[in-house]
Amino acid sequence: MATEPNQRLTIAEYLALERASEMKHEYLDGEMFAMTGASRNHNLISGNVFSSLHSQVRGRRCEAYHGDMRVRTGDDLFTYPDVVVVCGAPQLDDTELDTLLNPMLLVEVLSKSTESYDCGPKLSHYRTTPSLSTILLIAQNRIHVERWDRQADGRWLVEEIEDIGRTLDLPAIGCTLALADVYDRVFET
């Protein structure tokens, strides 16, 4: 007996299902993938980053989003980065105003279950987004940030930072981010 092939979803079908769902899902190439919950460290780090960046962009023509702003990459991955910043007018995918097309900075807090995906295929998808200038991949079990910056010629420069005393300049969004603030209370129990 033949089995029916997996039916692929269109982007419109995905968005309709996602908007009606109580869970968040990523979408790529016709498939939806459920997103899981996050650990204490993950929540502290993403909250710390959001809090710092949100307070710095307040009153300017920039917006910071924490975890629930869906982003569509240049090659049609739909995902929910942990923190997103856009400056200037946000470009949104449709009239629902819930899918951002022009992020300038994306932050992913890495977990054991998603690290290989976040640092591999997902990072490749992020880099197809023309507006994006900086990607931060932040470890939650040690002090380690991988910073990806788009250069003027389109190439990406990567830097690994492990110094808790370091402050990152984020010129594309006019902000700084102190690693001491990023990891505040993370290693306390």
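Select Tyr 14, Tyr 27 and Phe 78, which form one aromatic cluster. Rings of Phe, Tyr and Trp (its six-membered ring) pair if their centres lie within 6.5 Å, and planes under 30 degrees apart count as stacked, over 60 as edge-to-face and the rest as tilted. The model is predicted: local features need pLDDT of at least 70 and side-chain atom pairs count only at pLDDT 80 or more, while totals for chains, interfaces and linings use all residues. Residues are numbered from 1 along each chain as its sequence is written, and side-chain values use heavy atoms, with hydrogens and water left out.

**The aromatic cluster**

A search of the whole structure finds four aromatic pairs. In one of them, the rings of Tyr 14 and Phe 78 have centres 5.4 Å apart and planes at 55°, so the pair is tilted. Tyr 14 lies in helix H1 (residues 11-20) and Phe 78 in strand S5 (residues 78-79), so the pair ties together parts 64 residues apart in sequence. Helices (H or I, at least four residues) and strands (E, at least two) are DSSP runs, numbered from the N terminus. Phe 78 is buried, with a relative accessible area of 0%; buried means under 20% relative accessible area, exposed over 50%, and partly exposed in between (1.4 Å probe, protein chains only). Tyr 27 belongs to strand S1 (residues 25-28), 51 residues from Phe 78.

**Helix H2**

Now select residues 40-57, helix H2. Its 18 residues, at 1.5 Å a residue, should span 26 Å, and the end C-alpha atoms are 26 Å apart, which agrees; the expected span is 1.5 Å times one less than the number of residues. Among the buried residues of H2 are His 42, Ile 45, Val 49, Leu 53 and Val 57. Viewed down the axis of H2, the buried residues fall within an arc of 155°, so they line one face of the helix; the arc is that of the directions from the helix axis to the C-beta atoms. After H2 comes Gly 59, with a positive phi near 85°.

**The sheet**

Turn to the open sheet of six strands, ordered S3-S6-S8-S9-S10-S11, with mixed pairing. Two strands pair if DSSP finds at least two bridges between them. At the edges are S3 (62-66) and S11 (156-161), each pairing on one side only. H2 packs on this sheet and touches S3, S6 (83-87), S8 and S9; contact means heavy atoms within 4.5 Å.

Within the sheet, select S8 (residues 105-110) and S9 (residues 134-139), which run parallel and are joined by six bridges. Leu 137 is in S9 and, at 1% relative accessibility, counts as buried. Leu 137 and Glu 108 are 29 residues apart in sequence, yet 5.0 Å apart in space, C-alpha to C-alpha. Not counting residues up to four places away in sequence, Leu 137 touches residues including Leu 110, Leu 123, Val 145 and Trp 148.

**Strand S10 and its hairpins**

Finally, select residues 145-150, strand S10: five of its six residues are buried, so the strand is largely enclosed by the rest of the structure. Glu 146 in S10 is the bridge partner of Leu 137. S9 and S10 form a hairpin with five residues between them. S10 and S11 also form a hairpin with five residues between them, where Gly 154 in the turn has a positive phi of about 95°.

Methods: Axes fitted to C-alpha atoms, helices over the stretch in contact; angles between N-to-C directions.
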